[in-house]
Every structure is written in structure tokens, then in C-alpha cells.
Amino acid sequence: MRVSQSFIPTHKESPTDAEVISHKLMVRAGMIRKLAAGIYSVLPLGLKVLRKVENIIREEMNRIGGLETFLPSIQPAELWQESGRWDFYGKELLRIKDRHGREFCYGPTHEEVITDLVRKEIKSYKQLPLMFYQIQTKFRDEVRPRFGIMRGREFMMKDAYSFHTDENCAKETYEKTKVAYSNVFKRCGLDFRMVEADSGTIGGSFSHEFSVLAESGEDAIGYCESCSYASNLEKTESQVPLDIGESELSAELEKVDTPNKKTITEVTDFLEVSPKNLVKTIIFQTEKELVAALVRGDHEINPVKLKNLIDCSVLESASPEVIEKTTNIPCGFIGPSGLGLKVYADLSIPLMKNFIVGGNEKDTHLRGVQPDRDFKIEKSGDIRLAKENDPCPKCSDGKIQIKRGIEVGHIFILGKKYSSALKANYLDPNGKSLPMEMGCYGIGVGRTAAAAIEQNHDEKGIIWPTPLAPFQVIILPVNYADEQTKEASDLAYQKLWDKGIETLLDDRKDRIGVKFKDADLIGVPLQLIFGPKNLKENQVEVKIRKTGESQLHPFPEILDRIEEILAPL
């Protein structure tokens, strides 16, 4: 491709609404343009990158027996109502009506559609297992779309769905997909972690995320420095702390005045105790009722863990207005004793003695509190947010480390959640009708490309890993109007394309400084710089974008070594 025949509208300035570097650089490099909030046009250079990601995904999915299909993006409400997700999914589901007044949605995912297809076509155990996948546009009406194509409302996604006769068969495919996904992200040149994750609105029994490590990541990842344990922080397991509080004999319950002392710091400073000797009570709203959650004063509650412990569909922090109206207790002084709500506690709370809680009266706390004696725990479990240097839950030597990550892939064992609801059954060898076991597997195509930029950039622009680069080589003539320079540049351009190396020739009349800036911005891994002075000595300058290393090489002999130079980039 010649720059004069292409469309690469580069910009010097970043868009004012861009918060992360991938958004800034994709706009500046002429890869995307905003149409509306969270909705982007992908320009030719950006599309080349997305196609590279797609092709890597296709190759790895095909390798494990995935069958590519293409499903409708507009889905009838009846299917979602049948699965029970029409009301549950919430405002992210874009609901529309056709001219006849029939309700549809723009698919954010395709569990219902693929399950409907399979229940109509698959009847016998002899036809299983099967895995279907597609690469298609999705829409989720995010309340706050941001970060360009990394968190847009409309996005490109690879989603796959597998169907099985039993759980063991489903797990076999799940394990194969783990390997396939790891291969995808390795081939994309990304530093990533596979982490245990919560299943969220998709549902299912267990899942794993694939997260690219980057400071701009929205997710926190907890991993062990000594073993292979890694999980999304919302899933990272916590052990009972060694210092679980006072251990002496039970004390008498004592009411103490704490005038205007509401926060952990204010109360502990006033009473001259450590935060670990105080238990805080946080009120949450489920779909049915208000509940109380207890955690030690120096810890934080993990809402995902709490939601799973309660086994509820909705869990949100209750507002101060709702709390005070329901309990008649001012916020800052709430405790579990006599509260009148179900109490869920972190696993450390039943082992503590003589701790401090809110007194359920203004300016009052209770000291010497004992579980069971002074309040009832509905259920206890691990509901706290793991912290840096917590003991590893899987090995005896390691400590949890925390880094930021960008979720680029997520895989689930769904079990019978959708097959039972939609009656996707098969006949076993005895002629008995049984619901199929299912798996679900997704990769964000645009997110993967954006995550690659978050990991690979400098102050000049993008530094593409070679497998994702829109072009592997860019030819930069100092003066394309010079006959010798033009002849050498054209020769290199043709020979590299003949070798299957995607090459961009900057044949513009602009100054070489402009060409250098654009070449660095769009991030092509290798630059060949042709100037009259070097060509007189039959040499060309070869510059590596990633390191900035630049060397003169004999021309045209160097053209036979370009693949060798590109290999490690």
C-alpha cells in the first residue's frame, strides 16, 4: 500500500474526551473516529489490526474444532423472556420494536439464540459435542462508555458456545479453550494472566478471565508470587487473618459514648484501639430486602463475594436515606446487635471476641461484643476484599500481589442454565431426554487491539507487536522525487510484497520529519529509510520502532533478511 493511495488521517492532538493512551493513539493514528458516545467508525488502518486479531482467533478456534457461524444481532424478546433474562439484564439491553409492535433487542450476547438453534437441530447424544463460534458486532448500552473501543457500547466480539452430554465432556472442551485462548494472546504478543473470575450476568458454575497487564486496566488482579494462583480481585480468596483480634475471655457488653465519631478512623482514635478490633456494619439492598454485612475494621467488603454468599440476584449499597428510613438509625452508628436485619459476616467475625460495633443510637458504640451472644449471624463466609501481601490461599509460602489488568477474554461453564430454561434436550443411549451441558467463551476483538497499545507505546506513538501491526515494514524515502531514491524505494516495496511482507510506502512529498513522526505514531515495527547519500554507497538505514536501534545495511541484500529481523519484534 502506498500512503498516497491510502486513508490514514493522522492528528497531532489527542481528542479531549480520551482518558487512556489507546483511545488517544487510535484517534491520532487515524484508526477510529467517534460517531456517538461509545460508538466508533473503524478506519482502514484500524480495521487491518482488528482483522489480524480475528484471524489469530479463527485459527486457534478452528484448531480445537470450533465451527464458525453468524447469528442474528436482532433477537426476539420471547427468547429472552423464556430464559428469564429479559427483565434481569437491565438497562444495558437495548430494546426495540418492529413496525408490528413486536419487541426485540440488539444482542449483547447470544446464549439464547444459539440455544434455540441447537434445540431445533440437535436431538441425539450421537450429534454431541459441538462448539459454534462467531465474530460479530454486539451492543451493550453502557451507562458510561469510555476508553474508545475498549469500553464502547457497540463492539466486535468473538463468542463461542459448546454443547455436551455431560459435565466431564464440557470440562474437556473448557480446558481445550483455555489453551486456545492462551495461544491467541501469546500470538498477539501480549503479557497476560488467566485468572479465576465471577460469572456475572452470564451465569454458570465457574469461569476464568484473560487479563492483559496494564496500569490503565479497570480490573484488579490478585496473584501469588510463589505459585500459579491468580484471580480477579473480586474473586481472590481470603484466609482468616492470623491476628483476628482480642483473644482473652469474653467481656461484658458495654455502651460507650462516641459523640460525632462515625468513621473507622474517628472511632478507633477516640477509643484508642486498633481498627482490627472494630467490626463495621454495611447495609446492602437485595431484590427482596435490606441486609447487613460485617467485616473487620481494617478490611473492605467484596460485593461480589457477598452477593454469592447471600445467593441473591441484585446487590447494591443501600443509600443513607433508605437505611435511616428503614432502621431509624443514623448512619455511622449502625451495628448488628438488635438491628432487625439478616446479618452476613466475614469468616473472621465468628472467631473474634470483645470487639466494637455501632450502638444503633446516635453518638453510641458497643464494646465487648460477642458473636452469638449479642447478635445472630445468618451466614458467614469469605466476603472481604483481598489485600496486597495477604497469604496465598493455595500455597503456604506465597503472598498475594495485586496489579491492574484489562479483561480481553472470558470463559464460562454454564451447566444447564440455558438448556433447561429453553428445553435444549438430547436423547441419551437409553432414549431418555436430558438437558445439554453448555459452555460459553468470549474474546473482545477491539479490546485486544486496544490492550496491545496500552502495553506497547511510548511518547511518540504506538509500538505494534508484529503479529498485530497493520504493516510490518514502512519505507520512508527522504525525497521520493529523487530518481535513485524512488527507484530503490519502489524496488524494496515490490520485493517485500513478493515475499508476503505487508509493506507501506510513504510516497508523499512531505518533509522527511513529517514522515518519521507519522511512522512512529502508527507503530509499524520496522522502518527502511532511503536517502540519496546512503544509496550512493548502496546502503539503507534500518530502524527498529520498538528500541529505536538504527543501522546501515547493504542494499538490496538486506531485503533477504527482513523476515529474520522482524521475527523477534
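**Notes on rings, a buried threonine and a sheet**

1. Start with a charge over a ring. The charged end of Arg95 sits over the ring of Trp86, 4.7 Å from its centre. A lysine does likewise elsewhere: Lys417 lies over the face of Tyr418, and the distance to the ring centre is 5.4 Å. Bear in mind that this is a predicted model.

2. Next, rings against rings. How many aromatic pairs are there? The count comes to 10. Take Tyr106 and Phe139: their pair is tilted, with 55° between the planes and 5.8 Å centre to centre. Tyr106 belongs to strand E6 (residues 103-106) and Phe139 to strand E7 (residues 130-139), so this pair ties together parts that are 33 residues apart in sequence. Tyr106 is buried, and Phe139 is buried as well.

3. A second pair is Tyr181 with Phe185. The geometry here is edge-to-face, at 6.3 Å centre to centre and 85° between the planes. Both residues lie in helix H6 (residues 167-187). They are four residues apart, about one turn of the helix. Are Tyr181 and Phe185 buried or exposed? Both are buried.

4. Now look at Thr115, in helix H5 (residues 111-121). Thr115 is buried, and its relative accessible area is 0%. Which residues does Thr115 touch? Leaving aside residues up to four places away in sequence, they are Phe163, Tyr418, Ser419, Leu422, Ala424 and Met438.

5. Last, a sheet. Strands of a sheet pair through backbone hydrogen bonds, in either a parallel or an antiparallel way. The sheet to look at is open and has five strands, in the order E16-E14-E15-E17-E20, with mixed pairing. Which strands stand at the edges? They are E16 (315-317) and E20 (379-381). Each has a single partner strand, so one side of each is left without a neighbour in the sheet. From one strand to the next, the twist averages 35°.

6. Strand E14 (residues 279-286) is joined to E16 by three bridges, and the two run antiparallel. Phe284 stands opposite Ser317 in E16.

Conventions:
Residues numbered from 1 in each chain as written. Predicted model: local features only at pLDDT ≥ 70, side-chain atom pairs only at ≥ 80, totals over all residues. Heavy atoms only, no water. Phe/Tyr/Trp six-rings, centres within 6.5 Å; stacked < 30°, edge-to-face > 60°. Buried < 20%, exposed > 50% of the residue type's maximum accessible area, 1.4 Å probe, protein only. Lys NZ or Arg CZ within 6 Å of the ring centre and 35° of its normal. Contact = heavy atoms within 4.5 Å. Pairing = 2+ DSSP bridges. Axes fitted to C-alpha atoms, helices over the stretch in contact; angles between N-to-C directions.
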